[in-house]
Amino acid sequence: MKEIYLDNNATTKVDEKVLEAMLPFFKENYGNPSSMYSLAQAPHKAIEDARKVIADFVGAKSSKEIYFTSCASESANMAIKGLLEENKNKKHLITTKVEHPCVLNLHKELEKKGYKVTYIDVDSNGDLDINSLKNAIKEDTLLVSVMTANNETGVIYPVENIAKMVKEINPQTKFFTDAVQAAGKIKIDVSKAPIDFLIISGHKFHAPKGIGALYVKSGTIISPLIIGGHQERGKRAGTENVPYIVGMAKAAQIAEENLKLEETKVKYLRDKLEQGILKNVFNAKLNSTSANRVVNTTNIGFQYVEGELILLHLSDLGIFASSGSACTSGSLDASHVLKAMGVPFTSLHGSIRFSLSKYNTEEEIDYVIEKMPEVIEKLTRISPFQDEIEKLRASHKA
């Protein structure tokens, strides 16, 4: 059976070159980088070389602005909680209704602890209400958090312009962006805007799971989240995960080299998949038509059928996709992103995210386009909304 992986926003296949770069640090260069003897020198140097690579990858001025973590969730908590700990007199935070759970749920938890949080709306395409954000910034606003690209729809937000606007209104307000879904798909450059915090996660661009990075602008003070040793200049205790740090740096270098491939091959395949499904599946509707999307992602609603059933049938055919964020896949609730966009109930629970990578082929996309009408046809037969389905079918034929 074919295996066609179209859930690359959840995680990606580790690049062979990344694995090759990692292997020596499991074997001959296995020393603890914090030790004083010669066996520690190669691992220590590898970490600092990787720090420089990641700094260049995100446009940081200095490698000292980069901290290695275990994942994006830790990075977000480290930045936001660390900032709050250093600024206990400011209680107002701003974020969007479509953030990844590692940011959104953290803000909801902070509300329980007495913080005032303003959640900014998006429109039906998932684009941000900039005027609402602008009007929400107050004198006591400590932090504004806006993701660079949405993990479910692929919509790209103008974080450079937003960061500049925030600072113009209140120079003391800090700006945080989750760039996890942008890394490796679009160019990231924190030097172009007053961004104070930025997070990335290696497993979204063909490095292993379990390694992330946090950019903290020079001069920004945060308290450590994990207390212990002196690692990461006292900001993140724990023996460094050398092989994974090396792997993420190698993946970042490859991703930088492959940006043109993303903009051409991956975009072509995404567009072909999107157009093929919309043409051949009578109840398919694109959830976001925003022109400003990362090139690998599409989110399509299939009206009057259940997304979980679609995914199960696709899986039986060797096609692997998602109904939303991997971090919420255990929940029966509809996507908070699609709800914020006002996606109607007719397709809210029947929405599927397809996210591609450099490893996908045109043959795979053709196979998915061929099989999707069969899957949906089976599921519409057992749907309780037969009258509505027949109307859609007639409209599509017309």
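At what relative accessibility does Leu19 stand, and what does Leu19 count as?

Modeller: Leu19 has a relative accessibility of 37% and therefore counts as partly exposed; buried means under 20% relative accessible area, exposed means over 50%, and partly exposed is in between, with a 1.4 Å probe and protein chains only. The model is a predicted one, in which local features need pLDDT of at least 70 and side-chain atom pairs count only at pLDDT 80 or more, whereas totals for chains, interfaces and linings use all residues. Residues are numbered from 1 along each chain as its sequence is written, and side-chain values use heavy atoms, with hydrogens and water left out.

Leu19 is found in helix α1, residues 16-22, where helices (H or I, at least four residues) and strands (E, at least two) are DSSP runs numbered from the N terminus. Together with Val14, Leu23 and Phe26, Leu19 forms a nonpolar patch on the surface, with about 310 Å² of accessible area in total. Patches are made of residues with over 30% relative accessible area and no salt bridge, like charges being joined within 9 Å and nonpolar side chains (Val, Leu, Ile, Met, Phe, Trp, Tyr) within 5 Å. A salt bridge is a side-chain nitrogen of Lys or Arg within 4 Å of a carboxyl oxygen of Asp or Glu, and accessible areas come from the Shrake-Rupley method with a 1.4 Å probe, only the protein chains shown counting as cover for residues.

Turning to the sheets, seven strands form an open one in the order β2-β8-β7-β6-β5-β3-β4, with mixed pairing; two strands pair if DSSP finds at least two bridges between them. The edge strands are β2 and β4 (116-120), each pairing on one side only. The twist averages 20° from one strand to the next, where axes are lines fitted to C-alpha atoms (for helices over the stretch in contact) and angles run from 0 to 180 degrees between N-to-C directions. Helix α6 (residues 159-169) packs on this sheet and touches β5 (141-145) and β6 (174-178), its direction making about 165° with that of β6; contact means heavy atoms within 4.5 Å.

On from β8, five bridges join it to the antiparallel strand β7, residues 197-201, with Phe197 opposite Val216.

Another open sheet has three strands in the order β9-β10-β12, with antiparallel pairing. Its edges are β9 (284-286) and β12 (351-355), each with a single partner strand, so one side of each has no neighbour in the sheet. Three bridges join β9 to β10 (residues 297-302), and Lys285 stands opposite Gly301 in β10. In β12 we find Ser355, which counts as buried because its relative accessibility is 0%.

Across β9, β10 and β12 lies helix α8 (residues 259-280), running at about 10° to β10. Leu259 lies in this helix and counts as buried at 13% relative accessibility. Beyond the residues up to four places away in sequence, Leu259 touches Gly184, Lys185, Ile186 and Lys187.
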